[in-house]
Amino acid sequence: MADDSKKFPAGFIIFVLFSLLVSVAFCQRERIDLNQCIDGTYKHDGGDCCLCGAGQYLVEHCSTSLPKGKCENCESGTYRRHPSAQKSCEPCTSCSHPSANLEEDEPCTSARDTKCRCKKDHYCGNGTEICRLCHPCEQCGAEGIKVRCTANSDTVCNVKMEGGNQLGTIVGITVPIVLLAVVAAVIIIFLRKRQQADDPQTNGSATDVEMQHLRDVDIQLHLPDIAKEIGWKDMQDIAMRSGIGNAIDVCKLDYPGDSQEQTLQLLKVWVESQGRGAPRNLIQNLNQIGRKGKAEKVTDILSRDS
């Protein structure tokens, strides 16, 4: 019995030491497995699992019986660009859409999508690496190409620069012609106005027949209406042009503050100074001071009872 009591502690010690060795070995194995996750890890059920590498998808998460989980390669026509824990791969891009004007540059692999490029004589122009739609390059005519079409930019034709030169030439020819035409028109208008000013029979807006007919009109019957139409300011201008400016101050003194009466009285003085030719001369004066509209209205007034 004494021998058995001595052996018991020794066996217990051996058991404990064995258990410690097993635990250390298990932990070491766990550490080695985690270190083998070259693409990184993700969390699952409170533990760390290895990510599936590029070109693979996840089939089964890691567990006690499956420390690293299970991954498989992407099937044909699919890809996965980066390591992940996704359970499927992405479909490869097709470059054969009929209206996209694309063609395949590099085929799709399990770890990389298809790379498309524009067909010949087409460009993308969106400034990015991935192009989904290409446009036909501009075709230059006889003017020629300044910058050729590339995958990312359209053709630049010489027509823009040459068009500018042609425009400059057209402007250089057209402007002098227009200026000459304007100068000629101004000279003609000036000569006609001067001729009208020198010929009392053709001056004013009325025709020769109307002007001749105004000689027989009794302007005295229409003075109030004419004065109202002309107004004080224009009546003063006509009086000054006719050399009776002194009558302006007299009318102001006789009828202070009443511009309508001042106009009527000044018109009476002016008519007396003109005699029989007053109707025609009044129309001429209104036209000469740029009051064509008033000249026409005065003509209508004088023609009422004719």
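**Helix H9 and its partners**

Guide: In H8, Pro279, Leu282, Ile283, Leu286 and Asn287 meet Lys292, Lys294, Ala295, Val298, Thr299 and Leu302 in H9, where contact means heavy atoms within 4.5 Å. By class, the residues of this contact are 7 nonpolar, 2 polar and 2 charged; Ala, Val, Leu, Ile, Met, Phe, Trp, Tyr, Cys and Pro count as nonpolar, Asp, Glu, Lys and Arg as charged, and the others, Gly among them, as polar.

The model is predicted, so local features need pLDDT of at least 70 and side-chain atom pairs count only at pLDDT 80 or more, while totals for chains, interfaces and linings use all residues. Residues are numbered from 1 along each chain as its sequence is written, and side-chain values use heavy atoms, with hydrogens and water left out.

Two packed helices are described by the angle between their axes and the distance between the axes. Axes are lines fitted to C-alpha atoms, for helices over the stretch in contact, and angles run from 0 to 180 degrees between N-to-C directions. Helices themselves are DSSP runs (H or I, at least four residues), as are strands (E, at least two), numbered from the N terminus.

H8 spans residues 278-288 and H9 spans residues 292-302; their axes come within 7 Å and cross at roughly 160°. H8 and H9 are therefore roughly antiparallel to each other, a term for angles over 145 degrees, whereas those under 35 count as roughly parallel, 65 to 115 as roughly perpendicular and the rest as oblique.

H9 also packs with helix H4 (residues 223-230), at an angle of about 170° and with the axes 10 Å apart. H4 and H9 are therefore roughly antiparallel to each other as well. On the H4 side, Asp225, Ile226, Glu229 and Ile230 make the contact, and on the H9 side Lys294, Lys297, Val298, Ile301 and Leu302. This contact has 5 nonpolar, no polar and 4 charged residues.

Of its 306 residues, 27% count as buried, that is, under 20% relative accessible area, with exposed meaning over 50% and partly exposed in between (1.4 Å probe, protein chains only). Residues 24 or more positions apart account for 43% of the contacts with a separation of 6 or more.
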